[in-house]
Amino acid sequence: MDLATFREYCLRKSRATEETPFGPDVLVFKVGGKMFALAALDEVPPRVNLKCDPDLALDLRDRYEQVTPGYHMNKKHWNTVEIDSGIPDAELYEMIDHSYELVTKSLPKTKVKVRARSRRISTAARPARR
């Protein structure tokens with residue numbers, strides 16, 4: 001997987017946003033204002049940080065030498081992953097999905113409901129297409 005594919009996949013997630021709060025060389029992907037992925041643009045080979053269940057994080061680190069404790073992150077809950085060095089794309093997609101799901105599950109229910117309601121209201125308020 002290359003960095004462009006990683007970025008596109010992250011942005012396809014519902015309500016996912018992209019920001020650069022740490023400078024122009026680090027893309028941060030968020031849902032509900034919380035990070036689920038980071039990608040360093042200047043790293044060779046390309047590396048990303050993904051949130052992960054602590055037990056699964058240890059398992060992935062045992063299975064793949066390209067998965068290490070999260071660089072500059074809480075090493076219990078984040079992994080750094082070299083995305084173009086041998087891990088099957090299907091496994092990388094699962095890691096991204098897992099990270100996204102962990103974050104969405106941790107969002108306050110009221111925040112999720114308010115966002116869903118405001119989306120319905122804004123959709124209903126739009127004029128009908130002719």
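This is a predicted model: local features need pLDDT of at least 70, side-chain atom pairs count only at pLDDT 80 or more; totals for chains, interfaces and linings use all residues.
1. The residues being covered are Leu3, Phe6, Tyr9 and Cys10, which are buried in α1 (residues 3–11). Looking down the axis of α1, you will find these buried residues within an arc of 130°, so they line one face of the helix.

2. Phe6 also leads us to the aromatic side chains. Together with Phe29, Phe36 and Tyr100, Phe6 makes up one aromatic cluster. Searching the whole structure turns up four aromatic pairs. One of them is Phe29 with Phe36, a tilted pair with 6.5 Å from centre to centre and 50° between the planes. Phe29 counts as buried, with a relative accessibility of 0%, and Phe36 counts as buried at 0% too.

3. Phe36 has a further partner in Tyr100. Their ring centres are 5.3 Å apart and the planes stand at 80°, so this pair is edge-to-face. Do have a look at where the two residues sit: Phe36 belongs to strand β3 (residues 34–40) and Tyr100 to helix α3 (residues 89–106), so the pair ties together parts that lie 64 residues apart in sequence. Tyr100 counts as buried, at 12% relative accessibility.

4. Lys13 lies over the face of the Tyr100 ring, 5.4 Å from the ring centre. You will find Lys13 in the loop between α1 and β1. Is this lysine buried or exposed? With 16% relative accessibility, Lys13 counts as buried, because the cut-off for that label is under 20%. Leaving aside residues up to four places away in sequence, Lys13 touches Phe36, Ile96, Asp97 and Tyr100.

5. The loop between α1 and β1 holds another residue to check, Arg15. Arg15 is not a glycine, yet its phi is positive, at about 65°. For context, most residues other than glycine have a negative phi. Arg15 is partly exposed, with a relative accessible area of 27%.

6. The largest pocket has a volume of about 370 Å³. Its lining is made by 19 residues, and those nearest its centre are Ala40, Asn49, Tyr71, His72 and Thr80. Which elements give two or more residues to this lining? They are β3, β4 and β6 (78–82). The most comes from β3, which gives four residues.

7. His72 is placed in the loop between β5 (67–69) and β6. With a relative accessible area of 65%, His72 is exposed.

8. Finally, a peptide bond to look at while you have the model open. Val44 and Pro45 are joined by a cis peptide bond, with omega at about -5°. Most peptide bonds, by contrast, are trans. Pro45 lies in the loop between β3 and β4.

How values were computed:
Residues are numbered from 1 along each chain as its sequence is written. Side-chain values use heavy atoms; hydrogens and water are left out. Rings of Phe, Tyr and Trp (its six-membered ring) pair if their centres lie within 6.5 Å; planes under 30 degrees apart count as stacked, over 60 as edge-to-face and the rest as tilted. Buried means under 20% relative accessible area, exposed over 50%, partly exposed in between (1.4 Å probe, protein chains only). A charge sits over a ring if NZ of Lys or CZ of Arg is within 6 Å of the ring centre and within 35 degrees of the ring normal. The arc is that of the directions from the helix axis to the C-beta atoms. Contact means heavy atoms within 4.5 Å. On a 1 Å grid over the protein atoms alone, a cavity is a set of points where a 1.4 Å probe fits but cannot get out, and a pocket is an open set with protein on both sides within 12 Å along at least five of seven lines; lining residues have an atom within 4 Å of a point. Grid points are joined across faces, edges and corners, and a volume is the space filled by probe spheres set on the points.
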